[in-house]
Amino acid sequence: MPATPTVIRCARGWAVPGVANLHSHAFQRAMAGMAERQTNPADSFWTWRETMYAMAARFDPDLLQAVATQLYVEMLEAGYTRVCEFHYLHHAPDGTPYAAADAMSVALIAAARASGIRITLLPVLYMRGGFDGRALGDRQRRFGLDVDTWLQLFHGLRRHESETVRIGCALHSLRAVPREAMHEVLAALPADTRIHIHIAEQQAEVDECIAVHGARPVRWLLDHASVDERWTLVHATHLDAEELQGIASSGATVAICPSTEANLGDGLFPLRAYLDVGLSRATNLQESGADGRVAGASRPGAGIPAEGSPDARGFWGIGSDSHASVSPVEELRWLEYGQRLATRQRNIAVTEDTPSVGETLLHGTQRSAARSTGFTGEDLVVLDDSAPILAGAHAGDVVDRWIFSGNRPLVRDVEVAGMRVVEDGRHRNRDAIAARYRAALQRLLV
Ligand SMILES: [Zn+2]
């Protein structure tokens, strides 16, 4: 893969690669903007979660399909062309399985098909209410599966796999999945299955993990599972230096969700340190003589492995998660801005490949896309070269201008698996899907 994204001038504008959305809970789109009123001076992730559970309890397969289809249309119009759907609303609200036990999963696949986006559906194993082994609470009952029922669901869903549908595995979190169950599921998976897990979103879960397991969550996972390039660690927010190094060395992808992590007050992923860990690893390899092709150096951006050598830098991508925002531009911009605000410096996410922050960020998402989603095909986004903000643009600055120029949509066309699904900024079936979404929200919000 080239070191920077491929930007090509074409008849309809500037063609750039489609962006992978590595983390989504589609139903949460219906509550965007509805948890922004203070209920308690100590409002936090945990009070937000109660609002989210109340919303989750209202969904049935029809509502889920309507909300997810609208969400996926908005993703496509924004430049996302594949989504990893981390799905745990398995049963009816009281915990009873639907007549077709996979009805909610099938609704998500139907939503993806109706929109044209590629979906990696990740049915979630969710077994308990916390590290201490407590049972699921009333509002969590519809999430619950044991290992056998999860495996049945997973294998049954694989009949839907196609050029645009893949089925992977999600472990909700270390707090929701006991160690033995994790090992049982991992041992039963086909070798190329993608595995996603929420890992260290909140400091409270890090503290609980230390109290129960005697180790931080990322450390514990690295020590107790064969974490490799099949894995995506979602919200690897709270990390120490050894954990950063461990993830980068494992080949796993970190899924960062800047707009949601900001919205929920989670914390800031240490992007610059993560990029530097990969670099110091490359430097160490050279110094130890383990790989003579690796060029080591101490300045940021140096030490990139030569072409054909093992890629030493950590993998990462973005997700829109709770969908407080549905825009790869906003996720990437805030990923960089968070670093600038914390360090009081500028132009943080760069490498020796290019001084362009935008290209470095877009390339980061492109580099992890296939390993995290399982899709190897390339999709295309065409940016509108008639937009005033792109006047006089050239291939070397288009991506920076796209990401760092605000919120006017610049996506003109989107092609997924060879099919044009967005043309002139509009999804091919935008109006009918939006009408169905409005009707669904009327039912949902009564
Ligand atoms: Zn999540």
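I count as donors the N, O and S atoms within 2.8 Å of the metal (3.2 Å for Na, K and Ca); water is not among the atoms, so sites may look incomplete.

**Entry 1: ground rules.** I am working on a predicted model, where local features need pLDDT of at least 70, side-chain atom pairs count only at pLDDT 80 or more, and totals for chains, interfaces and linings use all residues. Residues are numbered from 1 along each chain as its sequence is written, and side-chain values use heavy atoms, with hydrogens and water left out.

Entry 2: I looked up the donor spacing along the chain and found H-x1-H-x172-H. Histidine 25 lies in the loop between S3 and H1 and histidine 198 in strand S8 (residues 195-200), so this pair, 173 residues apart, links distant parts of the chain. Helices (H or I, at least four residues) and strands (E, at least two) are DSSP runs, numbered from the N terminus. The coordinating atoms are NE2 of His23, His25 and His198, at 2.0 to 2.2 Å. I also checked burial: histidine 25 and histidine 198 are both buried (under 20% relative accessible area; exposed is over 50%, partly exposed in between, with a 1.4 Å probe and protein chains only).

**Entry 3: strand S3.** How many of the residues of S3 are buried? I get 6 of the 6, so the strand is largely enclosed by the rest of the structure. S3 and S4 run parallel and are joined by 4 bridges (two strands pair if DSSP finds at least two bridges between them).

**Entry 4: aromatic pairs.** My search of the whole structure gave 12 aromatic pairs. Rings of Phe, Tyr and Trp (its six-membered ring) pair if their centres lie within 6.5 Å; planes under 30 degrees apart are stacked, over 60 edge-to-face, and the rest tilted. Phenylalanine 27 and tyrosine 88 pair edge-to-face, 6.0 Å centre to centre with 85° between the planes. Both phenylalanine 27 and tyrosine 88 are buried. Ring pairs also put them in a cluster with Tyr53, Phe59, Tyr126 and Phe143.

**Entry 5: charges over rings.** I use this term when NZ of Lys or CZ of Arg is within 6 Å of the ring centre and within 35 degrees of the ring normal. Arginine 9 has its charged end over the ring of tryptophan 14, 4.6 Å from the centre. For arginine 371 over phenylalanine 315, I noted 3.6 Å.
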